[in-house]
Amino acid sequence: MNRSWCEIDLNAIRHNLTFVRKQVGPSVGVMPMVKADAYGHGIEKIAPLFQKERCDFIGCAQAMEGIRLRRLGVKLPILLLSGFLEEELEEIASKRLSITVSSLNEAKKAQSWGKRTGFPISVHVKVDTGMGRLGCSTNEASSLLSFVEKASHLNLEGFYSHYACADDSVRFTRTQWKRFSQIKSPPGVIRHICNAAGMLSLPESHADLVRPGIVLFGSSPVPKFQPKLKPALSWYSRVVAIRSVPKGTTLSYGATYTTPRRMTIATLSVGYGDGFFRRISNRGYVLIQGKRCKILGRVTMDQLVVDTSQCPKVRKGEKAVLLGKSKKEAITAGLMAQWAETIPYEIWCHITERVVKEYV
């Protein structure tokens with residue numbers, strides 16, 4: 001019996017992919033992002049799903065992720081969005097991964113390596129339109145595109161940028177789109193700029209390809225679209241102890257919570273060692289038997305304590321919902337992120353290997 005586990009609904013991910021395709025239309029390609037172990041959902045099951053659903057590209061961050069995708073049998077084009085290191089180029093070329101190039105110096109190094117070894121490398125040139133991480137300046141973009149296009153061992157496959165705040169500033173997003181759209185690229189080059197937020201908030205910028213991530217797993221960065229999505233991941237734990245304690249009992253490390261009355265409390269077998277944020281100490285709740293059970297005291301590495309006074313029939317071994325639904329109640333990644341003062345991405349990515357993943 002698992003003490004803490006996730007159930008991941010693959011049909012929910014298919015539903016969300018269908019939503020994305022309806023948003024962009026048949027003429028725009030889709031590049032699902034599967035970096036960071038598919039946002040904590042498990043790349044082994046998620047990446048083959050996107051291949052089976054005939055997506056156009058797969059996107060990840062690092063070479064090691066792209067190599068892993070090839071070992072899983074993914075044959076789709078794979079783009080590495082976090083640049084490259086020269087020592088990675090041999091495996092990048094052998095696994096037919098596409099790299100991001102952000103400067104003329106990077107392009108020259110990739111060309112020199114390709115010419116020396118005889119291996120061509122597919123390239124997406126990135127321009128910085130306001131994100132400030134990777135990418136050449138808008139003034140350098142044309143010359144970089146020209147160099148890559150003419151290089152004997154580089155294949156200019158794409159040209160792209162990335163939105164910085166498409167979830168909260170349409171004005172700045174439009175500025176980025178204007179900067180990007182003013183730069184001409186050679187015919188046949190795939191142009192893309194939209195992450196999930198940009199795809200939803202500025203549809204005129206869909207270009208040739210969109211790069212959805214978080215929406216595919218059921219969380220919308222633009223709130224009005226949330227009802228159209230299905231959260232894919234539910235997270236559960238087990239009750240390992242139940243006690244009735246008197247008024248004035250202190251709970252967990254630091255004695256940060258003192259019971260105001262006699263209470264029935266339950267200890268759950270989950271903590272920050274499983275990825276449940278310590279910051280949620282004395283905040284939020286879990287769901288047991290469809291009822292909200294408040295988190296009491298500090299979250300520890302392996303356990304947390306909740307108030308089950310309103311659940312008199314709770315038994316040892318019973319399931320508690322950390323993320324997901326229980327009767328008419330639900331806890332979403334967005335709600336848990338509010339408690340933890342973070343974002344849904346981090347909630348999912350923090351779930352550790354100790355938490356078993358089951359696919360339904």
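These points cover the pockets and the nonpolar cores of a predicted model.

1. Start with the largest pocket. Its volume is about 650 Å³. The lining counts 30 residues, and those closest to the centre are Lys35, His162, Tyr163, Asn195 and Tyr345.

2. Next comes the second largest pocket, with about 460 Å³ of space. It has 26 lining residues. Nearest its centre lie Gly218, Gln226, Pro231, Thr332 and Ala333.

3. Strands E10 (233-245), E17 (319-326) and E18 (329-331) each give two or more residues, as do helices H10 (333-340) and H11. The largest share, four residues, comes from H10. By class, the lining of the second largest pocket has 13 nonpolar, ten polar and three charged residues.

4. The largest nonpolar core holds 117 residues. Phe50, Trp235 and Phe276 touch the most other members. Helix H1 (residues 10-24) gives the most to this core, with seven residues.

5. Look closely at Phe276. Leaving out residues up to four places away in sequence, Phe276 touches Trp235, Val270, Gly271, Ile295, Val299, Leu304, Leu322 and Met336.

6. A second core is separate and has seven residues. Among them are Val245, Ile265, Leu296 and Val305. In soluble globular proteins, nonpolar side chains tend to be buried together.

Key:
Residues numbered from 1 in each chain as written. Predicted model: local features only at pLDDT ≥ 70, side-chain atom pairs only at ≥ 80, totals over all residues. Heavy atoms only, no water. 1 Å grid on protein atoms, 1.4 Å probe; cavity = no way out; pocket = protein on both sides within 12 Å on 5 of 7 lines; lining within 4 Å. Points joined across faces, edges and corners; volume = space filled by probe spheres on them. Nonpolar A, V, L, I, M, F, W, Y, C, P; charged D, E, K, R; others polar. Core = buried A, V, L, I, M, F, W, Y, C linked by side-chain atoms within 4.5 Å. Buried < 20%, exposed > 50% of the residue type's maximum accessible area, 1.4 Å probe, protein only. Contact = heavy atoms within 4.5 Å.
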